[in-house]
Amino acid sequence: MMSNHKIPVRTGGYLFWYRRTGSSMLSGITQDSEKKKFNDKIIRAAARNADETIKAIEYPKEKTHNPYYEPVPFCLGEAYKIKQVCKKIRILMMIPWMVTGGADKFNLEFVSGLNKEKYEIGILTTVASDNEWHQRFEEYTDEIFHLPDFLDAAHYAEFVSHYISSREVDIVFLSNSYCGYYMLPWLRKHFPKLFIIDYVHMEEWYWKAGGYARISGMMGGFLDKSYVCNSATRDVMIHKFDRDAGSVKTMYIGVDVEKYERSQVKSGGLYQKFHIQEDKEIVLFPCRMHPQKRPFLMLDIAQKVCSKKENVLFVAVGDGVQLGELKAAIQDRNLEQFVICTGRSDNMREFYKDAKLTLICSLKEGLALTAYESCAMGVPVISSDVGGQKDLIDCSVGRLIKTCQDEKDGIDNKKYDSKEVEEFTDAILLFLEDARLYKECSKNCRKRVEKNFSTKTMCRNMEKEMEELVLNVKIAKQHEKMTQMLWKQQKYAEEFYISYMVMEEREKECEEVWNARCYFESKFLQLENKRRIKRFDKYALFRCIKKYVCKMFIKLKNRKSMRLYR
């Protein structure tokens with residue numbers, strides 16, 4: 001193909017799933033040296049005629065090569081539109097990726113729980129990722145497009161317009177997609193009949209001055225409604241980002257109460273799997289090992305608890321950027337018999353089944369999915385009083401501990417207030433030692449979740465909201481007025497989106513420079529270490545002997561044995 005001047009294009013992502021065995025044809029070819037030589041000969045012969053001037057195109061691209069590209073909407077004729085057999089409300093969901101996480105679990109629960117007789121949903125992702133949860137989402141919709149896998153970022157808006165036009169989308173649902181937010185004025189300009197909603201999980205002051213809550217607040221004029229997972233975030237949206245109170249509604253994510261049912265899981269699996277002594281009482285710490293979750297505060301709490309009660313084991317479940325550092329700290333503090341790290345697990349139910357308590361000491365949360373799951377399994381929760389945790393956790397199901405750390409001062413501070421550590425410790429010990437209190441709270445946990453916090457309730461409430469939205473004539477008229485206003489502003493909407501693309505490109509360039517700097521610094525340190533080792537080798541033995549003699553001298557001096565030393 002290259003000898004005929006064809007341009008190779010490599011797309012990313014998983015397109016087809018198959019089993020690879022040791023006896024397959026491919027394995028037979030690669031393991032047979034004669035066949036391999038024969039193949040190499042054919043490849044070399046073909047390569048002689050290849051056009052070496054061709055530049056291949058590879059996705060995903062690190063950054064756009066044309067940030068000033070002006071997106072043009074697709075206006076498709078009737079022949080290109082995908083018709084429905086029976087009329088349904090069509091939803092386009094824009095999310096960053098499909099990976100393990102609380103926000104992503106909500107996306108999956110929403111997609112899986114929708115009434116497929118009334119709704120049809122498609123999903124676009126906007127951030128380059130391995131999307132390891134793709135197969136989970138694919139069980140409920142075959143309309144999934146990972147834009148970074150086959151598009152330059154400058155053309156995302158055009159593809160979105162093509163999808164909206166060809167599927168005759170009724171509602172665009174945004175969740176944690178920065179790109180999607182900056183696209184809103186352009187979408188509103190070209191699609192006046194489109195309804196746009198979003199879901200915000202929490203505000204994050206340490207990231208972009210509020211994170212997705214901030215951008216949702218700033219773009220509120222283009223959104224028909226915003227949903228948040230807790231009351232605290234709703235207050236922030238209204239009072240900090242000036243959103244109209246009627247346009248922001250709390251919609252609890254909840255948990256699948258049928259799946260997280262204690263009686264459906266066998267006990268003892270965790271003890272057997274990790275060879276834990278039967279007399280150990282397990283305190284679960286389920287989360288990403290990330291500064292936001294404060295895993296090193298968990299370590300301080302574990303050290304304090306285990307100094308007062310030895311038969312307690314803290315089990316940290318999850319992976320993340322600080323997992324390696326955490327494991328090293330456990331060894332340094334000699335806590336191997338009191339704290340273990342299991343890595344990520346896809347079966348959290350067996351952990352909750354054997355756990356006595358769940359510990360959440362995050363600096364920032366919306367309303368933690370692990371809190372829902374733990375309560376559904378009848379396991380009391382000891383949590384930091386952040387975000388919307390108080391909407392679920394109170395004295396009837398656990399304890400809330402006020403945090404002494406301010407996220408605005410940075411989230412990766414490993415020095416924690418002794419008062420906070422002490423309060424967490426006292427709460428944990430109280431539940432471990434008071435059997436009556438524990439039994440009462442365990443019952444309350446399940447009742448509280450069943451009553452107010454199930455995913456079925458969330459999905460039915462979201463369906464009701466969307467049905468009312470698409471039938472709202474008043475909002476439809478407001479769309480028309482806004483569309484007319486945006487057309488009067490000429491190219492404002494296009495330039496707004498272009499500005500975002502330029503900002504993203506500059507950010508990627510800065511990241512490249514920073515990564516290069518870190519790389520060369522590491523190489524420089526390696527060279528310096530080699531030089532130091534060479535200089536050290538000359539006097540290494542002498543210094544070791546001198547150090548040893550000095551230590552011995554001090555010991556003997558303390559024993560008043562100077563004569564023996566001489």
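**Figure 1. A look at the second largest cavity.** Gly13, Tyr14, Ser129, Asp130, Asn131, His134, His146 and Asp149 line the second largest cavity of this predicted model. A cavity here is a set of points, on a 1 Å grid over the protein atoms alone, where a 1.4 Å probe fits but cannot get out, and lining residues have an atom within 4 Å of a point. The volume of this one is about 30 Å³, where volume means the space filled by probe spheres set on the points, with grid points joined across faces, edges and corners. Sorted by class, its lining has 1 nonpolar, 5 polar and 2 charged residues. For that sorting, Ala, Val, Leu, Ile, Met, Phe, Trp, Tyr, Cys and Pro count as nonpolar, Asp, Glu, Lys and Arg as charged, and the others, Gly among them, as polar.

A quick note on reading these views: residues are numbered from 1 along each chain as its sequence is written, and side-chain values use heavy atoms, with hydrogens and water left out. Since the model is predicted, local features need pLDDT of at least 70 and side-chain atom pairs count only at pLDDT 80 or more, while totals for chains, interfaces and linings use all residues.

**Figure 2. Now for the largest cavity.** The structure holds 2 cavities of 30 Å³ or more, and the largest has about 50 Å³ of space. Its lining is made by Arg90, Ile91, Glu120, Ile121, Gly122, Glu143, Tyr163, Arg167 and Val169. Two or more of these residues come from each of β3 (89-95), β4 (119-125) and α5 (156-167). Which element gives the most? That's β4, with 3 residues. Helices (H or I, at least four residues) and strands (E, at least two) are DSSP runs, numbered from the N terminus. By class, you'll find 4 nonpolar, 1 polar and 4 charged residues in this lining.

Figure 3. Running from residue 295 to 308, α11 has 14 residues and reaches 20 Å from its first C-alpha to its last, close to the 20 Å expected at 1.5 Å a residue. That expected span is 1.5 Å times one less than the number of residues. Among the buried ones are Phe296, Leu297, Ile301 and Cys306. The buried residues of α11 pack against β10 (281-286), β11 (312-317), α12 (323-332), β12 (339-343), β13 (355-360) and α15 (418-433).

Figure 4. Most residues other than glycine have a negative phi, and most peptide bonds are trans. Tyr59 and Pro60, though, are joined by a cis peptide bond, with omega about 0°; Pro60 is in the loop between β2 (57-58) and β3. Glu168 isn't a glycine, yet has a positive phi of about 50°, and lies in the loop between α5 and β6 (171-174). Asp242 isn't a glycine either and has a positive phi of about 60°. Is Asp242 buried or exposed? Asp242 is exposed, with a relative accessible area of 66%.

Figure 5. Ser384 lies in strand β14 (residues 381-384) and is buried, with a relative accessible area of 0%. Leaving aside neighbours within four places in sequence, the contacts of Ser384 (heavy atoms within 4.5 Å) are Arg294, Ile360, Cys361, Ser362, Gln389, Leu400, Ile401 and Phe424.

Note on methods:
On a 1 Å grid over the protein atoms alone, a cavity is a set of points where a 1.4 Å probe fits but cannot get out, and a pocket is an open set with protein on both sides within 12 Å along at least five of seven lines; lining residues have an atom within 4 Å of a point. Buried means under 20% relative accessible area, exposed over 50%, partly exposed in between (1.4 Å probe, protein chains only).
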